[in-house]
Amino acid sequence: MTSTRTGGIEVRRLTDEVIRSFDGTPDARTKTILTSLVRHLHDFVREIEPSLPEWEAAIEFLTAVGHKCDPVRQEFVLLSDVLGVSMLVETINDQHAPGATDSTVLGPFHMTVSPTRELGESIDEVGSPHHLLVTGTVRGTDGQALPHATVDVWQCNEEGFYDVQQPETQPAGNGRGLFITDEQGRFWFRTVPPSHYPIPTDGPVGALLKATDRHPYRPAHIHFIAQSDRYQPLTTHIFLPGSPYLDSDAVFAVKPSLVGDLGTVDADQARQYGVAVGSAMATVDLILAPDQDGATDVH
Ligand code: BEZ
Ligand code: FE
């Protein structure tokens, strides 16, 4: 509902005048974006009719978001995440290739290079008591196994912290690994079951969650980026079935297809992978879509 004040001719003229100010923008895409931004922003302000103190509070909030950013903390990305914008952009850019694994958000913790590891190696460098074997394949949507693909993995520990959040207790690279698939496109590694965890709440985004009575938790997951020549890179997670918050992820990144399979290691697998019978085991297939111009026949 707009009042006469905000729906009036003067206010409309103001919006048109601002939009016209971009008439000379040389880059067409920049002009489209700015024009649309002003149109929607002015509609939003007309709908909300903020008081001056509310407008000041909004400016202060955005200023605080900026002040919270540093080389390892991106509060604007976190804001985008909790407003569902990151997931919206991710979904718009997902090529929707039939049969490809769904993508989901990158998140802020992929900020260091993962250590290169041998197939079968553990990404747990602190000797945690619980174990999880992860096995998977990288394939194309045509079913072809992709040897020599890279699989970049990162996850939090059993207490819900990434290495970069606990530099005193976790060695850099703990919970991370860069693997290369074998001739059959397979990869496997040992790890610990990641916990659900809260996104960082010590900044203005945390204050926003508190003010709106929202919890900050993400369900337990392992991150993957799979890449192979002539295929589109895939950024995704597997979520652990049964984890709390699968139905209320603070950043809206759960897709039902990404909730993984958890089983236990049998005697054959125990021999094959060198782990104890009965250990927890997750299986992950990462299916990549061909590049726009990608033939998939030569491998
Ligand atoms: C993550 O999964 O690492 C993450 C994603 C979005 C916001 C915070 C954390
Ligand atoms: Fe994460």
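**Ligand 1 and its surroundings**

In this predicted model, ligand 1 is surrounded by Leu78, Asp81, Gly107, Pro108, Phe109, Tyr162, Tyr197, Ile199, Arg218, His221, His223 and Val251.

*Make-up of the shell*
- The residues of the shell around ligand 1 divide into 7 nonpolar, 3 polar and 2 charged.
- Two elements, the helix α5 (75–82) and the strand β7 (221–227), each supply at least two residues of this shell.

*Polar contacts and burial*
- In the side chain of Tyr197, an N or O atom lies 2.7 Å from an oxygen atom of ligand 1.
- An N or O atom in the side chain of His221 is 3.0 Å from an oxygen atom of ligand 1, and for the side chain of His223 the distance from such an atom to an oxygen atom of ligand 1 is likewise 3.0 Å.
- Taken alone, ligand 1 exposes 260 Å², and the protein buries 100% of that area.
- The place where ligand 1 sits is the largest cavity.

*Domains*
- The protein is divided into domain 1, which covers 9–49, and domain 2, which covers 75–288.
- Between the C-alpha centres of domain 1 and domain 2 the distance is 40 Å.

Terms used: Residues numbered from 1 in each chain as written. Chains lettered and ligands numbered in written order. Predicted model: local features only at pLDDT ≥ 70, side-chain atom pairs only at ≥ 80, totals over all residues. Heavy atoms only, no water. Near = heavy atom within 4 Å. Polar contact = N/O pair within 3.5 Å; in protein donor to acceptor, adjacent residues only side chain to side chain. Areas by Shrake-Rupley, 256 points an atom, 1.4 Å probe, with all protein chains shown as cover. 1 Å grid on protein atoms, 1.4 Å probe; cavity = no way out; pocket = protein on both sides within 12 Å on 5 of 7 lines; lining within 4 Å. Sits in = over half its atoms within 2 Å of the grid points. Helix = DSSP H or I, 4+ residues; strand = E, 2+ residues; numbered from the N terminus. Nonpolar A, V, L, I, M, F, W, Y, C, P; charged D, E, K, R; others polar. Domains from an automatic or database assignment.
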